[in-house]
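Please consider the sequence and model shown here.

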Amino acid sequence: MVDLQTQYQQIKADIDRGIQEVIDSASFVKGQVVKDFESELASYLGVKHVIAVGNGTDALQIALMSLGLQPGDEVITPSFTFIATAEVAALMRYKPILVDVDFETFNIDPAAIRKAITPKTKAIVPVHLFGQCANMEEIMAIAREHHLYVVEDACQAIDSTYTFTNGEVRKAGCIGDIGCTSFFPSKNLGCYGDGGAIFTNNDALASQMRAIANHGMVVRYHHDMVGVNSRLDSIQAAVLRAKLPHLSEYTAARQAAAAAYDRAFAHHPRLLIPARDSQSTHVFHQYTLRLVAPDGIDAATYRDGVREQLISRGIPAMVYYPVPIHLQKAYKSERHAEGSLPNAERLANCVLSIPMHTCLEPQQIDFITSNLLEILG
Ligand SMILES: *Cc1c(COP(=O)(O)O)cnc(C)c1O
C-alpha cells in the first residue's frame, strides 16, 4: 500500500545526517531537535502551538484530558473511522456518541451531530478521513451554537486546506479548539517509529496539554494534575525535520496519483471514485473506492472477491474499515443497534483502498488500473 523505501532513498543523506546528529548529541529525549521541529511545523501550518507527543492516539487522549470533562460527559464522533477517537473517549470514562457519516465524503454528517446533542454533550471530535476535511463550516457553527469543544482528528489529513465561505483558509487540525495528528510511518508525514502532535491556538489549553503530556508537571516533580508520559523522541523529530520541507511535494504526488486513478475509474459502472468536498483539499492518505455490486450479490462478498483477485495479481488492496465502531464488540450499546447508522454500515461493506503513496510511477498506476478494470469486467 505504501513504499517507504523509495521515499527514504530520495532523502537518505538528510535523514542519515539528522539521525547521526542526535546520536552524537546523546540528547535522545526532549532534545533541541524536538523543539525545532515543533516550531517549524507550527509555522508551516500557521498555528500558534505544536506539542509533539508519542503518537496520534496519545494526542487525542491528551486533548480530551485538557478539556475538564466529567465522567459520563458525551463526545460526538463518527462511527466509520479508525477506533482511536471513540477509544480515548471511552478510556476517559466519557461517553463516545457514535454518529453516521456522509456516504459521499466518508466524513461525519453535521445533521447527525445536531440530532445527537444532549445536555451532556461537551465535545465534537470529527475525523478528516482519508485526507479530506470534514464539513468544518457546519461543525464550527454547531459548536458555537451549543458551546461545545471541537477536537479535530487530523491524523490522516496533515497539509489538507479548508476554505470557509467567508474566505478564511486554515490547515486541517488548526480549525477547532485542538487538532491532533499522527506521524506513524505510513501517514502523510510519517517518522520511522511512533510519533504524534497536538495543535492549538489557545495558550491556556497549550500549557495544560504540555503539562499533561509530561506527567501533569509544570515545575519539575510538582504535579498539578494527573498526566501521562507521552513524547516524541529526538530521532523521530530528526526524521520529521528532514521530511517536513518535502511535505507539499509529497501532497502533490499523492494528488497526481489520485487524479490518474480518477481518470481511469470515473466512468466505470461498478466504481464510485472518492467524492471531493468543495471546501477542502484532499491529501489522499488513502485512495478509497466504493464498489457497486451487481444485483443480487452481497456488497461485502463482491468487494472481498475483487480484493482477493487484486492481491492474487500482486496488487495490495485494503478495507478501511470493515466494521463500523458501533458494531464493534467493545462499543455495542442499545443506542447503536445494527441498522442505526446506515451510511457507516453501507460503506464498511463496499469500500476498497488501493495503493497510495508519494512514489507511485505511471507504469505502476497503469498496472493497478488496468488490472482492476479487467477484474471488474
Ligand atoms: C493513525 C490514526 C490514529 C492514531 O494514530 P497513532 O499514531 O497510530 O496512535 C488516529 N486516528 C486516525 C484517523 C488515524 O488514522
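Predicted model: local features only at pLDDT ≥ 70, side-chain atom pairs only at ≥ 80, totals over all residues.

Residues are numbered from 1 along each chain as its sequence is written, and side-chain values use heavy atoms, without hydrogens and water.

On a 1 Å grid over the protein atoms alone, a pocket is an open set of points with protein on both sides within 12 Å along at least five of seven lines, a cavity is a set where a 1.4 Å probe fits but cannot get out, and lining residues have an atom within 4 Å of a point. A volume is the space filled by probe spheres set on the points.

Helix α3 (32–45), strand β1 and helix α8 (203–213) each supply at least two residues of the lining of the second largest pocket; helices (H or I, at least four residues) and strands (E, at least two) are DSSP runs. Strand β1 (residues 49–53) is largely enclosed by the rest of the structure because four of its five residues are buried, that is, under 20% relative accessible area with a 1.4 Å probe, protein chains only. Five bridges join β1 to the antiparallel strand β9 (residues 196–200), where A197 stands opposite A52.

The largest pocket has a volume of about 410 Å³, and F82, Q156, S182, F184 and K187 lie nearest its centre. K187 also lines the largest cavity, which holds about 70 Å³ of space.

Notes
Buried < 20%, exposed > 50% of the residue type's maximum accessible area, 1.4 Å probe, protein only. Pairing = 2+ DSSP bridges.
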